[in-house]
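Work through the exercises below with the sequence and the model open side by side. Each task is followed by a solution that goes step by step.

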Amino acid sequence: MKAIRRFTVRTVLPEPLRQLEELVLNLRWSWHHETLDLFRAVDPALWRSVRHDPVRLLGEVAPERLARLAGDRRFLRRLQDTAEDLHDYLTAPRWYQTRSEADAPGPPSPPGAEPGGAPSAIAYFSPEYGITAALPQYSGGLGILAGDHLKTASDLGVPIIGVGLLYRHGYFSQSLSPDGWQLERYPPIDPNGLPLTLLREPDGTAVRISIGLPKGRDLHAQVWLARVGRVPKLLLDSDVEDNDQPARDVTDRLYGGGGDHRLLQEMLLGIGGVRAIRAYCRITGHDAPEVFHTNEGHAGFLGLERIRELVSEHGLTFDEALEATRAGTVFTTHTPVPAGIDRFPRELIQRYFGGPNEEDDVPVERILALGAEDYPGGDRTVFNMAVMGMRLAQRVNGVSELHGRVSREMFGGLWGGFDTSEVPIGSITNGVHADTWVAREVLELAAREIPAVVESGRGWEGVQKVREGEIWQIRRVLRERLVQDARRRLRASWRQRGASEAEISWVDDALDPDVLTIGFARRVPSYKRLTLMMSDQKRLRSILLDPDRPVQIVIAGKAHPADEGGKRLIQDIVRFAGSEDVRHRIVFLPDYDMALGQLLVQGCDVWMNNPLRPLEACGTSGMKAALNGGLNLSVLDGWWDEWYDGQNGWAIPSADGLATPDRRDALEAAALYELIEEHVAVAFYDRDSAGLPRHWLEMVKHTIATLGPKVLATRMVRDYVEDYYAPAAASARAMSADKHAGARALAAWKRRVAEAWPRVAVEHVESNGEEGPQVGARLSVRVVVDLGDLDPGDVAVEVAYGRVDGADTLVDPSYLELGGAEPVEDGRLRYVGEVPLERSGAFGYSVRVVPSHPMLAGRAEMGLIALPPAPSGMTNGDLR
Ligand SMILES: *Cc1c(COP(=O)(O)O)cnc(C)c1O
């Protein structure tokens, strides 16, 4: 009989073991090896069978075993030490607390604030989090990144509060049908059986968050609190009795359902998330966040809720509240793939935020305008969450330099009139959390050989003096571990697909711990091209079966449940990998999750990635491999485009821009085969008299020495603090000080400037010094502008100058603000300035008028610009 309800009964631990519960409840164990060792010691066999899930361990361990441990003095001493270590980790000052004022740009901090002007708290919103395989609340890179962000914030002492949803089914676990088709299972989770506690009011009742829905209904949620080291993470859960069944199902699964379902999830995340933070701060006395960071567009409604708060509680107008909200909001965009961006039909937004459900303070027309694609090429029927995210955030970034450039092009329409290079979208390249992803053997080697890196993050060159034999030895251990675990997984998968033991005896010899191992694991959207390596099966076979330089490939990945095409690709791979002649050299391992990910990035010699450039915004799995001494073999996309240096791996040439997709695939696949045969396999099998691949190991050392400091999430989170959080906090303070006087003034100024802008014009431009100029000369420029109703203080008149291309377009121009502002006839103003001619060659300049205000984050922020009537404003010269 099937149970109709399931729940978890928590073990009551004997008094001397109580601290085990504290250790389990703080997810720091997910990246802290000593704590994991302690859990293992509770019951080593059980630890293996519960797949390293400490909550299950404590749920299933026999009372007799606990009783014995409660009297085991050595165990109790270890428990005490581990608990004290956690306590120190949670309370001692860390990087953020000791960051000096001098490190930080911007105004000095007010009394009582964190040093360096940094915010006293930051709210971080994400629809998914990958913290540990035991909490399957993630589907891929976005969630893993969010998990690494929180863990690293904890390590650095950055006062982040995470906000997300608790999905009762999490992401699916994947298995295969007998004919290789992906099957999905959504194992239910019971929050009581997870390291979570319910957020409660001081009187003990569970906190209730509610948001209004059409027809007078409300959506209620409770809030679970997870502790990620020092970082609290609030997870909203709609599975509560006050809700009817459809409302209970809002948080049933990650990215489940279509339009309405998804919109409700996002309303709960954004609006409910802000309310959950308010409740958490009220109950615990935690500082209110000064900065709100939204990880992709899904949580964008948080801006609407903060506007509502400011209007209803502080009497601001919508526009004033918008300024105050924008100032403290950071938006990170994560994908250049249009299908990856959340868009809803406008009617849906109208239905949920309009009609009887409309808040007077937040008119639906204003909401619709925030998400409107009202720029050339936009779709007027949709509401775009990323576009809203950008309009609600003063600071926006992509996740690698290349992705920043691609995003500036993709969203440039929002700042029409400006060159793409000036679109105010920056970038911070993603990073990975070392303690989560790096093999213990490697961490221990690093602690022994290059302690400075572990202590201060500096001194990576030290890796050069580590003995090569030692590195090679660890690589062998990790490869062997992968091979063993892969066999176990293969056997389980084949058994589950209906094969008998006799039919799968070959699995005992699948893969070889001494063969060059290439890993390829990722989600399976089409742009990642799971099956590119199979473009020419004959050639692939010959690579796998090469008698002198064999290669083995380990593949994993989940297709989105609704993506039939992706499932077909998986089936193609699975079928090929089942062929008798190659099945010992190419395997597909089902159910790619964090645990399998760790095994793969640690055990593979080469990490392969062949997306369609430039659709991989960043990619992080290759960074994990690099930190473990793996080498990357990848298309120059995302992070690899930025940091490939010719010696730290291999670049698969990409044929972007080439005519047909098929042709492009064929060319790139051929280049991939050639790289593997001629370079990768050659370097791996070229051994010296000691049996070491010298050149390979040089590349490994070079990889670690050069990429190590870049790919770490500590670098990423520090960059966010310095370049985004601290400036956003400064802006937010300037807006809110003195009863929001700054926000009121900025909103009024923006309205005045926007209304007056159509009359702003560049009337006349002249310069001298262009006749036969030489490097070092100066060009003097005079410009007459009509500012209409605006004052000189409202604008900047600038010369853009520098190199020009064949079409007279300025390439990476410099800008010089002109001064003077002398009245000439009819209220016009003359500006003057001198442009230095610093470089020889084709040179050009133009002028522009842009709004200028100390509270703007950049010149392009308002999307307003006045240019000279083309083309007379442009003068070209040839410098000698
Ligand atoms: C690191 C990781 C990802 C993201 O890696 P990409 O390089 O972006 O594909 C996805 N899933 C898992 C399980 C991971 O560990």
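Predicted model: local features only at pLDDT ≥ 70, side-chain atom pairs only at ≥ 80, totals over all residues.

**Exercise 1.** Describe the packing of α20 with α27, giving the crossing angle, the approach of the axes and the residue classes in the contact.

*Solution.* Two packed helices are described by the angle between their axes and the distance between the axes. For helix α20 (residues 468–496) and helix α27 (residues 694–711), the axes cross at roughly 85 degrees and come within 10 Å. It follows that α20 and α27 are roughly perpendicular to each other. The contact brings Glu468, Ile471 and Trp472 of α20 together with Arg694, Trp696, Leu697, Val700 and Lys701 of α27. By class, the residues in this contact are five nonpolar and three charged, with no polar residue among them.

**Exercise 2.** Classify the arrangement of α1 and α6, and state the handedness of their crossing.

*Solution.* Helix α1 covers residues 18–25 and helix α6 covers residues 73–91; they pack at an angle of about 40 degrees, and their axes are 10 Å apart. Because an angle under 35 degrees would be needed for roughly parallel and one of 65 to 115 for roughly perpendicular, α1 and α6 are oblique to each other. The crossing of α1 and α6 is left-handed. In the contact, Gln19, Leu20, Glu22 and Leu23 of α1 meet Leu79, Gln80, Thr82, Ala83 and Leu86 of α6, a set made up of five nonpolar, three polar and one charged residues.

**Exercise 3.** Which residues are closest to the ligand, and which N or O atoms of Lys528, Thr620 and Ser621 lie by its oxygen atoms?

*Solution.* The ligand is surrounded by 13 residues, of which the closest are Trp437, Tyr592, Thr620, Ser621 and Lys624. For Ser621, an N or O atom in the side chain is 2.6 Å from an oxygen atom of the ligand. For Thr620, a backbone N or O atom lies 3.1 Å from a ligand oxygen atom. For Lys528, an N or O atom in the side chain is 3.4 Å from an oxygen atom of the ligand.

**Exercise 4.** Locate the cis peptide bond between Arg613 and Pro614, list the residues that Arg613 touches, and then examine the phi of Asp808.

*Solution.* Most residues other than glycine have a negative phi, and most peptide bonds are trans. Arg613 and Pro614 are joined by a cis peptide bond with omega about 0 degrees. Pro614 is placed in the loop between β18 (606–609) and α24 (621–627), and Arg613 lies in the loop between β18 and α24 too. Leaving out residues up to four places away in sequence, Arg613 touches Leu402, Val635, Leu636, Asp637, Asp641, Ser654, Asp656 and Arg664. Val635 is 22 residues from Arg613 in sequence, while their C-alpha atoms are 7.1 Å apart in space. Turning to Asp808, its phi is near 65 degrees, a positive value in a residue other than glycine, and Asp808 lies in the loop between β23 (795–803) and β24 (814–817).

How values were computed
Residues numbered from 1 in each chain as written. Heavy atoms only, no water. Axes fitted to C-alpha atoms, helices over the stretch in contact; angles between N-to-C directions. Helix = DSSP H or I, 4+ residues; strand = E, 2+ residues; numbered from the N terminus. Parallel < 35°, antiparallel > 145°, perpendicular 65-115°, else oblique. Left-handed = near helix turned anticlockwise from the far one by under 90°. Contact = heavy atoms within 4.5 Å. Nonpolar A, V, L, I, M, F, W, Y, C, P; charged D, E, K, R; others polar. Near = heavy atom within 4 Å. Polar contact = N/O pair within 3.5 Å; in protein donor to acceptor, adjacent residues only side chain to side chain.
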